[in-house]
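Here is a short report for a reader who is new to this structure. It starts with confidence and then turns to strands and a single residue.

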Amino acid sequence: MEDGFSSYSSLYDTSSLLQFCNDDSASAASSMEVTDRIASLEQRVQMQEDEIQLLKSALADVVRRLNLSEEQHTVGTRKGPTKARPMIATLPLRPTVNNGTVLPKKGTLPSPSGSGSRKDASMPTNKSTVRRANSNEHVGTLTRKDSGDSKSNRTRAGSTGSNSSGKRTSESKQKDPVFNAGMRRVTHCKEEGYVKMYLKGRPITMYMPKDLVDSYCLEAKADLPHKKLKLDWVYGYRGRDCRSNLYLLPTGETVYFIASVVVLYNVDEQLQRHYTGHTDDIKCLAVHPDKITIATGQVAGTSCDGKLAPHVRVWDSVSLNTLHVLGTGFFDRALVCLAFSKSNGGNTLCVVDDSNDHVLSVWDWQREDRLAEVKCSNESVFATDFHPTDSNIIVTCGKSHLYFWTLERSTLVKKQGLFEKQEKPKFVLCATFSENGDTITGDSSGNILVWGKGTNRISQAIQGAHEGSVFALCMLRNGTLVSGGKDRKLISWDGAYQQIQMVEVPELFGPIRTIAEGRGESVLIGTTKNFVLQGSLDGEFIPITQGHTDELWGLAIHPVKAQFLTCGHDRQVSLWDSSSHHPLWIKNLEDAAQSAGFHPSGAVVAIGTQTGRWLVLDADSKDLVTVHTDGNEQLSVIHYGPDGNFLAIGSHDNYIYIYAVSESGRKYNRVGKCSGHSSFITHLDWSVDSQYLVSNSGDYEILYWIPSVCKQVVSMETTRDISWSTCTCTLAFQVFGLWPDGSDGTDINAVCRSNDSRLLVTGDDFGKVHLFSYPCSQFRAPSHVYGGHSSHVTNVNFLFDDSFLVSTGGKDMSVMQWRIV
């Protein structure tokens with residue numbers, strides 16, 4: 001017995017687990033940042049969980065073998081010695097990658113001979129043992145609770161995460177499965193016609209259609225898709241938490257940013273161009289005095305290849321070519337504000353980062369040379385700018401401070417603004433300059449203060465200029481000062497700082513975040529509700545750009561029109577026209593929205609919320625048709641059947657709720673709920689004939705259903721040849737090639753097949769949109785990759801005629817429309 005256990009310990013090396021347990025490199029005494037330590041610990045815990053799962057599998061296999069050995073001993077006198085099955089073929093191998101990819105040890109591939117397995121499987125054992133021994137693919141067979149009762153085993157018999165092989169017996173099996181290039185991550189059992197993929201050590205079995213069983217080859221190379229994507233339109237603007245990020249260029253283009261895209265929008269011609277050089281959230285923007293060169297700064301980010309450093313990109317707004325990249329490896333966390341000098345031809349650039357000290361640095365951007373740096377403030381910094389007539393003077397303002405900096409050789413000397421008799425505000429929020437060189441600031445007390453040129457003292461004060469914070473100041477070409485604030489008022493002031501005009505922006509648009517001078521008498525406004533407005537102080541303001549204000553998840557495509565609907569945690573539902581790029585209507589809900597789906601007729605659209613409530617809206621009038629509640633958790637997916645007679649709603653309470661639909665989507669009767677998943681529902685697809693439903697769950701389970709009776713289908717022979725109306729499930733034979741190496745099962749958020757069934761698109765956690773050929777059933781399928789989003793891409797879908805693709809970003813709140821070319 002001791003020899004047996006020693007042989008197992010030699011096969012299964014636990015040294016890595018002990019190493020992680022004893023490693024104190026990320027202890028509290030470490031110099032790493034708290035967030036880095038937390039991330040390191042989370043990664044370590046995940047690795048340990050993966051190893052423990054495999055240890056459990058190995059231990060369960062040992063117990064099974066002991067039972068077999070005892071039974072063999074009792075019949076050994078009659079049958080003689082039985083050749084033991086090669087142990088390596090059944091034991092999980094030690095993982096060498098921390099992300100679920102399981103690599104084999106050298107020289108430990110199973111023998112193609114099946115004789116040992118046949119003899120071993122023919123031994124008398126109990127039913128459950130025989131069932132495991134019958135499978136000729138033994139890696140990771142113990143997927144969940146292997147000691148669970150028989151009831152739970154029966155309930156999930158149809159799960160492709162299990163090893164059930166139908167009615168076949170071990171005697172009919174001739175050989176072990178084919179391994180992909182020595183990788184244990186994907187295996188192929190040609191005899192039974194399935195591919196098994198491992199995510200986080202968890203096996204997922206996906207059966208192929210019968211007509212592919214003989215011809216399918218796992219090692220065959222997939223082709224790149226014949227089409228590509230081109231970014232056509234970006235919906236949204238980042239005004240909620242960014243300032244001074246809206247300008248009008250001499251070309252007539254309005255420049256602003258959202259996610260990792262800078263948008264150059266010609267309102268008159270209704271055309272957008274896009275600068276896509278950034279890799280993560282853009283937080284600040286500055287325009288050079290030549291009105292052509294632009295500088296933008298981004299946050300530190302992550303990609304599938306590792307961390308991305310914060311940096312500044314200087315680029316040409318005509319050619320969209322990157323000219324210079326500054327500060328890679330110098331800046332920390334993010335860039336919060338930046339500005340070009342005015343008086344020396346714009347040769348220098350000042351930048352403030354988001355480190356604890358909010359370091360202010362000055363750069364000769366053309367030579368990519370850092371001229372000076374200094375710790376600016378331990379508190380937040382909101383704005384920085386060069387003096388218009390002296391390129392050696394820089395002003396910064398923020399929480400509890402206003403500083404005047406003088407650049408002397410390579411040193412920045414600070415003078416603090418003195419408020420003296422004036423009550424010191426909690427925040428100095430914005431700054432600009434008058435024609436005579438005075439500095440003008442707006443603060444959280446609603447005051448506008450004027451600071452004499454060359455001094456750090458107040459020369460004039462406009463008390464109570466706004467009710468609440470003054471968020472933005474803009475000096476127009478004619479010397480008029482325009483201010484905007486939390487009170488949504490836009491006020492103009494003359495040279496003596498006397499009020500000229502005042503206009504209030506409607507509450508729908510939100511407080512004014514930034515102001516820019518437009519053409520003629522017009523003014524551009526960016527608001528905290530992510531609107532860009534155009535208008536004048538004489539008349540009204542109309543939105544030229546708008547979007548969502550919180551995390552975005554729901555996306556639904558109109559079945560017969562060039563329209564799509566988005567909804568998110570901001571409780572806003574918007575129906576967009578993909579041609580005019582404007583919303584047809586907007587409706588605000590009581591609950592945060594999570595999912596959406598159009599009825600096949602296009603007459604109504606269903607919206608799932610985070611509270612278990614779902615509602616149906618008239619697609620033309622946005623009027624409420626009906627409201628229902630199922631459970632109290634978020635409804636992550638909501639799909640009508642192709643014939644429009646059923647509605648399936650996948651919930652985080654592990655159930656799929658089925659409703660019978662009549663009167664073109666205006667009447668609903670609950671049929672029941674599909675029960676069988678052991679985790680929350682993530683994706684649903686209907687069969688072409690609306691008779692079947694397939695679902696994925698958070699624990700990588702694939703289950704099949706007859707929705708009309710809410711019964712699970714356990715026979716793979718029934719389900720493997722079903723034609724599916726849509727392809728949004730991330731786990732299926734037709735799409736498993738989209739999973740990249742090292743995936744943890746949560747990397748891919750959304751999948752969609754084109755209507756002509758030739759393309760497959762995915763949205764991932766790294767802000768990327770991938771375009772594959774369909775079907776995507778080869779390991780490591782190649783794809784075209786597109787950036788633009790700076791957050792996890794939560795949803796993707798083709799328009800009804802495959803002319804465009806729409807993608808939604810989660811926390812970047814952007815909607816991007818891609819042309820298929």
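pLDDT is the predictor's confidence in each residue, from 0 to 100. The chain has a mean pLDDT of 85, and 81% of its residues reach 70 or more. Over residues 1-31 the pLDDT is below 50, and this stretch has 41 contacts in the model beyond near neighbours in sequence. Residues 77-184 also have a pLDDT below 50, with 216 such contacts. A contact means heavy atoms within 4.5 Å. Where pLDDT is low, the predicted coordinates should not be read in detail.

This is a predicted model: local features need pLDDT of at least 70, side-chain atom pairs count only at pLDDT 80 or more, and totals for chains, interfaces and linings use all residues. Residues are numbered from 1 along each chain as its sequence is written, and side-chain values use heavy atoms, with hydrogens and water left out.

**Strands and pairing**

Helices (H or I, at least four residues) and strands (E, at least two) are DSSP runs, numbered from the N terminus. Two strands pair if DSSP finds at least two bridges between them.

An open sheet of four strands runs in the order β6-β7-β8-β9, with antiparallel pairing. At its edges stand β6 (247-248) and β9 (271-275); each has a single partner strand, so one side of each is left without a neighbour in the sheet. In β9, Tyr275 is the bridge partner of Val262.

Strand β14 covers residues 312-316.

| Strand pair | Sense | Bridges |
|---|---|---|
| β8 (residues 261-266) and β9 | antiparallel | five bridges |
| β11 (residues 293-298) and β14 | antiparallel | five bridges |
| β14 and β15 (residues 322-326) | antiparallel | four bridges |

Ile294 stands opposite Trp315 in β14. Val312 has Leu326 in β15 as its bridge partner. Five residues lie between the strands in the hairpin of β14 and β15, where Leu320 takes a positive phi near 65 degrees.

**Burial of β14**

Buried means under 20% relative accessible area, exposed over 50%, and partly exposed in between (1.4 Å probe, protein chains only). Five of the five residues of β14 are buried, so the strand is largely enclosed by the rest of the structure. In a regular strand the side chains alternate between the two faces of the sheet. Both faces of β14 are covered: Val312, Val314 and Asp316 lie on one side, Arg313 and Trp315 on the other.

**Ser595**

Ser595 sits in strand β40 (residues 593-598). Ser595 is buried, with a relative accessible area of 4%. A polar atom of its side chain lies 2.8 Å from the backbone oxygen of Leu635. Not counting residues up to four places away in sequence, Ser595 touches several residues, among them Gly554, Cys567 and Leu635.

Terms used:
Polar contact = N/O pair within 3.5 Å; in protein donor to acceptor, adjacent residues only side chain to side chain.
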